Amino acid sequence: MIDNYKHKGQRVKLVSELRQKGITDEAVLKAIEKVPRHLFMDSSLEIHAYLDKALPIASGQTISQPYTVAFQSQLLSIKKNDKVLEVGTGSGYQTAILNELGAKIFTIERQKELFNNTQVLLRKMGYIVNSFYGDGYLGLPTYGPFDKIIITAGAPYIPEQLILQLKNSGLLVAPIGNTNSQTMKVLTKIDENNTVVKDYGNFVFVPMLKGKS
Ligand code: SAH
């Protein structure tokens, strides 16, 4: 697990690219500068690790584009010790960024291979994360309620179960739409009966699928 001056230099460049693209949250930018993204993918892809691009990982999934990771992280406005549920662990890169922001993370992945590999990787890198193999549509009712929830796969709608597992005044950030395009939504839970949803532009994610694979 080598992280050398070249990788670090590439991350500094990536951060300035993300600033130009409109990311302003300094804590998020600092986390992007710190986390070695190249370690979250196959070593054959390492040369592309610091381009602002989504890249393939195991089980036909993708590691999200750095801009998307930064954008979702910024929308979540993480405070230290926020209890965060992440749906779609994938490579674990977004998980690591949230960890750097001080969140206590509960993350769910439905692909067994990714769940296994990523759990080992995050532990090896020193990240303390609660990883679960399961269906994110159901959330983690016994571990909630959460201050924040992030979905990192494109969902057809905001799952009701997840809204139930959100604290009052909690935030849920999720790309909602069809398989070709989704709109980034931020749902604020006002109280048990009221939510407010705002839109933040279009993105393309791999689909959020039901059940475990
Ligand atoms: N944040 C991850 C994104 C990976 S892509 C990263 O940057 O690496 C989205 C992930 O969501 C995939 O790994 C996919 O298997 C997972 N996923 C899709 N539907 C899911 C569900 N219902 N529950 C849990 N994970 C799901």
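Buried, in what follows, means under 20% relative accessible area. By that cut-off, buried residues make up 52% of the 213 residues in this chain. The model is a predicted one.

Some overall numbers, then. The chain has six helices and nine strands. Its radius of gyration is 16 Å, close to the 17 Å that the globule rule gives for 213 residues, so the chain is as compact as a globular protein of that length. Along the principal axes, the C-alpha atoms fill a box of roughly 50 × 35 × 35 Å. If you take contacts between residues at least 6 apart in sequence, 54% of them join residues at least 24 apart.

Next, the aromatic rings. There are 10 aromatic pairs in the structure. One of them is Phe-106 with Phe-146: the ring centres are 5.6 Å apart and the planes stand at 65°, and since planes over 60 degrees apart count as edge-to-face, this pair is edge-to-face. Phe-106 belongs to strand E4, residues 104-109, and Phe-146 to strand E6, residues 146-151, so the pair ties together parts that are 40 residues apart in sequence. Both phenylalanines, Phe-106 and Phe-146, are buried. Phe-146 has a charge to go with it: the charged end of Lys-83 sits over its ring, 5.6 Å from the centre.

A second pair is Tyr-137 with Tyr-157. Here the centres are 6.0 Å apart and the planes are at 50°, so the pair is tilted. Tyr-137 is in the loop between strand E5, 130-133, and E6, while Tyr-157 is in the loop between E6 and helix H6, 160-164, so this pair ties together parts 20 residues apart in sequence. Tyr-137 counts as buried, at 6% relative accessibility; Tyr-157 is partly exposed, at 39%. Over the ring of Tyr-137 sits the charged end of Lys-210, 4.8 Å from the ring centre. Elsewhere, ring pairs link Tyr-67, Phe-71, Phe-203 and Phe-205 into a cluster.

Now helix H5. It runs over residues 112-124, which is 13 residues, and reaches 19 Å from its first C-alpha to its last, close to the 18 Å expected at 1.5 Å a residue. Which residues of H5 are buried? They are Leu-114, Phe-115, Thr-118, Leu-121 and Leu-122. Looking down the axis of H5, these buried residues fall within an arc of 145°, so they line one face of the helix. What covers them includes helix H4, 93-100, along with E4 and E5. On the other side of H5, Val-120, Arg-123 and Lys-124 are exposed. After H5 comes Gly-126, with a positive phi near 90°.

Last, a few backbone items to look at in the viewer. Gly-144 and Pro-145 are joined by a cis peptide bond, with omega about -5°. Pro-145 is in the loop between E5 and E6.

Where does Asn-81 sit? It is in the loop between helix H3, 66-76, and strand E3, 83-87. Phi of Asn-81 is positive, near 70°, in a residue other than glycine. Asn-81 is partly exposed, with a relative accessible area of 45%.

Ser-169 also has a positive phi, about 65°, although it is not a glycine. Ser-169 lies in strand E7, residues 166-177. At 60% relative accessibility, Ser-169 counts as exposed.

Technical notes
Residues are numbered from 1 along each chain as its sequence is written. This is a predicted model: local features need pLDDT of at least 70, side-chain atom pairs count only at pLDDT 80 or more; totals for chains, interfaces and linings use all residues. Side-chain values use heavy atoms; hydrogens and water are left out. Rings of Phe, Tyr and Trp (its six-membered ring) pair if their centres lie within 6.5 Å; planes under 30 degrees apart count as stacked, over 60 as edge-to-face and the rest as tilted. Helices (H or I, at least four residues) and strands (E, at least two) are DSSP runs, numbered from the N terminus. Buried means under 20% relative accessible area, exposed over 50%, partly exposed in between (1.4 Å probe, protein chains only). A charge sits over a ring if NZ of Lys or CZ of Arg is within 6 Å of the ring centre and within 35 degrees of the ring normal. The expected span of a helix is 1.5 Å times one less than its number of residues. The arc is that of the directions from the helix axis to the C-beta atoms. Contact means heavy atoms within 4.5 Å. The radius of gyration is taken over C-alpha atoms; the globule rule is 2.2 Å times the number of residues to the power 0.38.
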